[in-house]
Amino acid sequence: MTTAKAYIEQAFATVKARNPHETEFLQAVEELFDTLEPVIEKHPEYIEENILERIVEPERVISFRVPWTDKNGKVQVNRGYRVQFNSAVGPYKGGLRFHPTVNQSILKFLGFEQIYKNVLTGLPIGGGKGGSDFDPKGKTDREVMNFVQSFMTELHKHIGPSLDVPAGDIGVGGREIGYMFGQYKRLRQFDAGVLTGKPLAFGGSLIRPEATGYGLVYFTDEMLKANGKSFNNQTVLISGSGNVAQFAVQKAQELGAKVISVSDSNGYVIDETGIDFDLLVDIKEKRRARLTEYAAEKSTAQYFEGSVWNYEGAADIALPCATQNEIDSEKAERLIKNGVYAVAEGANMPSDLSAITIYRDNGILYGPAKAANAGGVAVSALEMSQNSQRLSWTSEEVDNRLKDIMANIFATAKETAETYDLGRDYLAGANIAAFEKVADAMIIQGVV
Ligand code: NDP
């Protein structure tokens, strides 16, 4: 009989052989598979049903040409994608990323993570992800609109409220979602349920912009409390300065922490008096400017080139909120040396596999992305509920639901880790709990 360990190794070898160049995707699969031995041992039917080889294969990958006209009247071409990964639990759901680094490997890693993240919310949504190698940075509003209209002209054929419901991610915020919705409506009809992260003017949910950052802090707060700690008076390092980072700064400070950093792809700001949320939002959202302006305007702030994880000062908690693979083993070791005892991920896969090993070996409290940053998609699912009921809930109502969902996700990760005798390994707890639900749903539906 094949053992769980041998089965996992053989399934991973097959994924590697089939996707030899998709490094980010392979990394996400390895991170999940590394934690599954105990649950596969308990469920021999997963081996009989060959669930691992099925779960790593997207149901569908759509890739398309996106021609558009720039401000000089020149035709530009980008590549668009939608990865419809798994619909065992509900319609595909996951964001769209516009960033020059976007490729199929990155979207498959994000779509794969999204399956488990979505199931952890307890809401009926499957996993997907999409986007383009288009770079909105430095483009005029009109150029962004031209691109987005062309992107949606193809994407609309593949999405719908009960089929696939995209949202935002890196480079896709309220402006881009607004243009996407406008074009979808011209091509099809007004249907609020086709996208989430919509502006409030046409079916958006209160607290959706805040949801990922707030949810991250709610999750981390639960993790800290379960270990006799809290945000109060703690020094926090945050990377990124976009949607997730901004609201993580705001909520962590509300809970009594001092957040001393934010970053962008060029450098980082250290402000020992605590990041000024209003100034940060003004610079990033209203002016669409760089963080150098923050340091120029705030006398207590200093700007440094490079990664914030090279910072050598003392800190207690790290919340990476920028992008994948920001933290490698060297940076993880530096964090620990500087006093960090908890890391919770707002970004997707910000810690590489070697960094995760270092957190584990040093007993760091670690909140993995698929659990810690699920607040965004959870409130997106609440937006879908409000749209189908033609209702708008108050901020307080949505925020309370978000808090409950994040507390439940932490409790699920913790209890599952305890059930399997894995101590405080919340990564394994979250992976196992989510995988079991998706695998069971797939098996019940037959060979599909
Ligand atoms: P934004 O586009 O609003 O902000 C992204 C931030 O990350 C910017 O500060 C950006 O800097 C920085 N960044 C992007 N790419 C890199 C890079 N290669 N190196 C260093 N910094 C980089 O995106 P979000 O805040 O929405 O997303 C941040 C992370 O959170 C992503 O991993 C995303 O997948 C994840 N996430 C987002 C959710 C959401 O609801 N928005 C939900 C769950 C997860 P610069 O301006 O210089 O590019």
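I count two strands as paired if DSSP finds at least two bridges between them. Helices (H or I, at least four residues) and strands (E, at least two) are DSSP runs, numbered from the N terminus.

**Basis.** I am working from a predicted model, where local features need pLDDT of at least 70, side-chain atom pairs count only at pLDDT 80 or more, and totals for chains, interfaces and linings use all residues. Residues are numbered from 1 along each chain as its sequence is written, and side-chain values use heavy atoms, with hydrogens and water left out.

**Sheet.** I looked up the pairing of strand E2 (residues 75-86) with strand E4 (residues 126-132), and found it antiparallel, over 6 bridges. Within this pair I noted Tyr81 opposite Gly131 in E4. I then traced the whole open sheet: 5 strands, ordered E1-E2-E4-E3-E5, with mixed pairing. Strand E1 (60-69) and strand E5 (164-167) are the edge strands, each pairing on one side only.

**Ser239.** I found Ser239 in the loop between strand E6 (235-238) and helix H10 (243-254). Ser239 has a relative accessible area of 1%, so I list this residue as buried (under 20%; exposed is over 50%, partly exposed in between; 1.4 Å probe, protein chains only).

I checked polar contacts next (a pair of N or O atoms within 3.5 Å; within protein, one must be able to donate a hydrogen and the other to accept it, and residues adjacent in sequence count only if both atoms are side-chain atoms). The Ser239 side chain reaches the backbone nitrogen of Cys321 at 2.9 Å and makes a polar contact with the side chain of Glu326 at 2.7 Å.
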